[in-house]
Amino acid sequence: MADNAFGQVINTYFPAIGTEAGELLREPAQVQAMGAYAPLGKRYGPLRIDADGSESEGYDNNVDCNVGGHSSPVVSTQGHLAAVSRWGQHDQVHGDISVNDIRYPSRSVQNRTNWNANVGGVHNFAHDSIGLTYTHLTLVQMPTDLGALIVNRPISYNVDDVRLSYTATTHGRLSFIPQGEIQRYSFGNSPATAFVPSQSYRDRALITEGVTAQYEVSQDSHALLVVQGTEIRYQNKLENTPSRDSNGASVMGGYDFGLRGPIRFRALVGYQTRRYRGNGYGTINSPMAEAEFAWTPSRLTIVTANVRHGIEDSAFENVVGYTFTGARIGVTHTYQRNIVFSAYVQLQKANYPTAPAFLQNTVLYQERNNQTLYGAGASAEWLINRHMRLTANYDFSSQNTVGSGAFPIHNFLVGFHIAL
C-alpha cells in the first residue's frame, strides 16, 4: 500500500502510552481464525523466523500531495524480515526490519524509500519484568503530514528511539511501570536545495520519563494512572529566533479492559502542558486523550477504533507546537476463510496558534490556522495458500495545507504478496 497521510506519523510505530517496552503485539482474532492460510515461518528450537515481501502497481492522481499536483503510475516494493525467540513462561527477544520503496515513473522527484528496524525483549524476575527496545526509522515527510512544510518533494529524516521499562508487581493487585525514553530526530541528511531550505534546525532530542500505576480490577483488566515529563532540546538554533527548547508534563488516568473476550477497550484521559524557554513562545496547555477499541462479533470479523488528542511538534518555522486530534474506525471481515475484506474511515485535525509577536511584519508571521484531513479506503485479499496472496487497495483523502484550499488524492494499487 502506498503512503497514507498522517499527523506525527511515527506514533504508528510505537506502543500505546503506559505500556511496557519490548513486548510484541498480539495477533487479532481473525488471524487465528485463518490458521490454514497463516504463514508458518521457519522454526529452529525456540527461534522462529518470518519473511515476506510484495510487489504492487497502480495509479496515484496527486503524487505531489499539493494543489495542482502531478499524477503518475505507482510501483511499490515492500519487504519484511522478523525473528523472535521465547523461553520460559514470558521471556522473549525479537527483531525485525521492514523496507518500503515507492517509485513514480512519471514523477521521479517523488521517489522515496522508507525503512525501519526494531530489536527488543522482556526478561522476567519472579513477578517483575524488565523491557528494552530500540527502533530506527528512516522516513520522509510530505505536505499531507499535519504540521509539515509545504514543499514540492519529500523531506527525508531519521528517528532513533530507545525505551526502557521495569514492571514492579506488589504482593497485592497493584503494580508500577517506571520507564524512560529517548528519541532523536535528524534532518541533517536533507541538504538544502533551491526549493527546500536546510532542515538541520529541526534536529532535536526528546527525553520522556514517567511511571504507570496499574491496579488489577479483574484478570487482564486494569485501572491505570500515567504521569510523564518530557524535555525537548534542539541541536541547532534557527537564526534570529529564540530557543525552541521546551519542558512538558502530563497526567492521565484510565482503564484497560483486558485482552480476552469479544471486546477489548483501553482509554486514558488527562491534561498536558508545555512551556517554552524562548521568550515569545509562551505555554501550550491542552487536554489529552488516547483510546483504543476492538470488537470481535465473530471469529471472522473485527471492528477497531482509536482516538488520540494532545500536543504535537510542528515542522513550521513559525509554529513550535500545535494541538492534534485524530480518529480512525476500521473493519476487517474474512469471507470463506481465504478472502479478506477491509475498510476504514479517518479524520485528523491540527490547530495552530498565532505565531509569536516577534515574527510580525516578517514572511514567517501566521495568524491562527488549522488543517483538516478526511480519509477512507478499502482493500481485498485473496489468500491463495500459506505463502501467496493477491491484494487490491483503494485509498482516498481530502485535506488542505496551510494557505491552500482542499485537494483530493486517489490511490489504487494491485499487488502480489509472498511469505515464508
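## Ground rules

This is a predicted model, in which local features need pLDDT of at least 70 and side-chain atom pairs count only at pLDDT 80 or more, while totals for chains, interfaces and linings use all residues. Residues are numbered from 1 along each chain as its sequence is written, and side-chain values use heavy atoms, with hydrogens and water left out.

## Confidence

Let's begin with pLDDT, the predictor's confidence in each residue, from 0 to 100. The protein has a mean pLDDT of 83, with 82% of its residues at 70 or more. Helices (H or I, at least four residues) and strands (E, at least two) are DSSP runs, numbered from the N terminus. Confidence is highest in strand S2 (residues 47–60), at a mean of 95, and lowest in helix H1 (residues 29–33), at 49.

Over residues 1–9, pLDDT stays under 50. The model still gives this stretch 34 contacts (heavy atoms within 4.5 Å) beyond four places in sequence.

## Ala419

Ala419 sits in strand S19 (residues 406–419).

Beyond four places in sequence, Ala419 touches Pro39, Ala51, Asp52, Arg386 and His387. Pro39 is 380 residues from Ala419 in sequence, yet their C-alpha atoms are 6.4 Å apart.

## Thr167

Now over to strand S7 (residues 155–169), which holds Thr167. Setting aside neighbours within four places in sequence, Thr167 contacts Glu20, Asp128, Ser129, Phe176 and Ile177.
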